[in-house]
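Trainee: I would like to go through this model by question and answer. Please show the sequence and structure before we start.

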Amino acid sequence: MKTTKNNLKKEIKKFKEIVAMKCLVCTKYQIKEIILCEIKGCPLWEYRPRQARGLYTLIKRLKQKNLGLYEAKNN
Ligand code: SF4
């Protein structure tokens, strides 16, 4: 894929989303804990979300994905 300004923006957005998802799982969906995280040894610390904006949507998506897995296991 050719590196263009738009592709780069998309990749950065995707990266931020992945980090936010990892942080949400790490804190068991406690947004305030992510913002206040003090574990500076974590490689994601520098890139973690600093505000709650957009995180509620991610929580919904994560829970939908987990629900799908849960249903698949029980069928
Ligand atoms: S930055 Fe903090 S909240 Fe995010 S994964 Fe690391 S330890 Fe967990």
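Mentor: Y29 is found in the loop between α1 and α2, where helices (H or I, at least four residues) and strands (E, at least two) are DSSP runs numbered from the N terminus. This is a predicted model, in which local features need pLDDT of at least 70, side-chain atom pairs count only at pLDDT 80 or more, and totals for chains, interfaces and linings use all residues. Residues are numbered from 1 along each chain as its sequence is written, and side-chain values use heavy atoms, with hydrogens and water left out.

Trainee: Is Y29 buried, partly exposed or exposed?

Mentor: Buried means under 20% relative accessible area, exposed over 50%, and partly exposed in between (1.4 Å probe, protein chains only). Y29 has a relative accessibility of 24%, so the residue counts as partly exposed.

Trainee: Which charged end sits over the ring of Y29?

Mentor: A charge sits over a ring if NZ of Lys or CZ of Arg is within 6 Å of the ring centre and within 35 degrees of the ring normal. At 5.1 Å from the centre of the Y29 ring, the charged end is that of K63.

Trainee: What is the phi of K28, which is not a glycine?

Mentor: K28 has its place in the loop between α1 and α2. At 66% relative accessibility, K28 counts as exposed. Its phi is positive, at about 55°.

Trainee: How many residues apart in sequence are the parts that the pair of F15 and Y47 ties together?

Mentor: Rings of Phe, Tyr and Trp (its six-membered ring) pair if their centres lie within 6.5 Å; planes under 30 degrees apart count as stacked, over 60 as edge-to-face and the rest as tilted. F15 and Y47 are edge-to-face, with 5.5 Å centre to centre and 80° between the planes. F15 lies in helix α1 (residues 5-26) and Y47 in the loop between α2 (31-35) and α3 (55-74), so the parts tied together are apart in sequence by 32 residues.
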